[in-house]
Amino acid sequence: MNLRFFSYMKHALMVSAMLAIVGISGCDDEDGPTVFNGTIMDLIKSDQYKQSVNGDDTKSLDSLVKYLEYHDLDVVVAGTGPITLFAPNNAAFKSLIATPGFPADIRKIDPNIVKGVLSYHVVADEVKKSEIASGASFSTAFTGTANNPNDKINVNSDGTLLTGSTNQAIVITESDKLATNGVVHVTGTVLIPQSVGASLTPILGTLAGSVFLGADFTTLVKMINKADAGVAAADQIRTLLATPAATETSSNLRRTFFAIPNAYFSAAAQAQGITVDQLLASFSATASRAILLNHFVTTNTANRNTYTVSDIAGSGDVQFTTGMQLTSNGGKVLTMVTGQTVSAQNPYGVVITAPKAAGGVSQVPIAVKDITHANGSVLHAVLGFIVP
């Protein structure tokens, strides 16, 4: 009888011990960090981060989701990991777009630039908030540039983030949101790589900002880079485009630039049965520079004007009229012709004409008009080359 009693007690104690272990284990799970049942992409797309649900742009990630999907980075964020995503909230993107000179529509920015910036928010490791400490530095998926190939996210002494953003102390507003493939930290500022910030921030609000940031001018940028090869910095096409407002105000220089969009390069290449790269290769650096200088009109103290298709109140512009003659920076006399038949290729009926050295006349219609800048300069998109 006693043996049976002790056997029963032994069994009961073992069961109690097992239950205690299970109970303790269960408490650990409940007290430990919650892991979202899905990838980081699933997490940031969930209802908790939708502004339509939470009503708070500082706690919403709709903009980030949209841009990741638009640039095919959703696959990376939904990958096997482990990865860390620094996730700018909706307020961060609104603040970026409100930056003076920044394009109001991110979709109009060169997609390679946007994809690079978004890649800068991804670290190929799981980095918890406790590791984001003074002096820490994290390599990202951003590949950098030849001038600065090692862009990293650095951590200030107070735990804020130092990047190429104009905000030098970026705060993490929500940390350690775990998913099956890594961790998310929400930020109140968009992170900008050092090399991108250094090259693009100074040109915001200038002609260079419209061209070098523009999704429609990526081929023109290649032509500019070719034209500037071996040319002194002060004389480069980029410098003409990037003259800041303060300089133009003090010297009373204002510029009108006739920019060639990707669509024209593609049409011109197709007409010749070649690729766009082959078309660019057909122009030497010297020829590229000569063409592009003919697309500038710079005015000085004696004639401080920019030239527009439509009257822009308070801008000090002069509207194009038939027979108006302007001298380009390349020395070419450009004669304006207005009142032409409106068409898809010539929506305003305005054409720039100029004699060609080889004979004949360049006839270049204005396809997009009057893109103004804070320093008074104006850009028009044109469908053609004003050749020497």
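This is a predicted model: local features need pLDDT of at least 70, side-chain atom pairs count only at pLDDT 80 or more; totals for chains, interfaces and linings use all residues.
The largest nonpolar core has 95 residues. Within this core, the residues that touch the most other members are I44, V211, L220, L241 and F320. For I44, contacts beyond the neighbours within four places in sequence were computed: the partners are Y49, L61, L64, V65, L68, L85 and V184.

Aromatic rings form seven pairs in the structure. A cluster linked by ring pairs comprises Y264, F265, F283 and F385. In general, the distance of the centres and the angle of the planes describe a pair of aromatic rings. A further contact of an aromatic ring involves a charged side chain: R238 is placed over the face of F212, and its distance from the ring centre is 4.3 Å.

Strand β13 (residues 333-337) takes part in two of the pairings described here. With strand β12 (residues 325-327), β13 pairs in the antiparallel sense, and three bridges join the two strands. L326 has L334 of β13 as its bridge partner. The hairpin of β12 and β13 has five residues between the strands, and G331 in this hairpin adopts a positive phi near 90°. The pairing of β13 with strand β14 (residues 351-355) is likewise antiparallel and extends over three bridges. Here M336 is located opposite I352 of β14.

Most residues other than glycine have a negative phi, and most peptide bonds are trans. P82 belongs to the loop between α5 (74-77) and β1 (83-88).

The location of D72 is the loop between α4 (62-70) and α5. D72 counts as exposed because its relative accessibility is 55%, and the cut-off for this class is over 50%. For D176, phi is positive and near 55°. D176 lies in strand β6 (residues 172-179). Its relative accessibility is 31%, so D176 counts as partly exposed; this class covers values between the buried limit of under 20% and the exposed limit of over 50%.

Methods:
Residues are numbered from 1 along each chain as its sequence is written. Side-chain values use heavy atoms; hydrogens and water are left out. A nonpolar core is a set of buried Ala, Val, Leu, Ile, Met, Phe, Trp, Tyr and Cys residues joined through side-chain atoms within 4.5 Å. Buried means under 20% relative accessible area, exposed over 50%, partly exposed in between (1.4 Å probe, protein chains only). Contact means heavy atoms within 4.5 Å. Rings of Phe, Tyr and Trp (its six-membered ring) pair if their centres lie within 6.5 Å; planes under 30 degrees apart count as stacked, over 60 as edge-to-face and the rest as tilted. A charge sits over a ring if NZ of Lys or CZ of Arg is within 6 Å of the ring centre and within 35 degrees of the ring normal. Two strands pair if DSSP finds at least two bridges between them. Helices (H or I, at least four residues) and strands (E, at least two) are DSSP runs, numbered from the N terminus.
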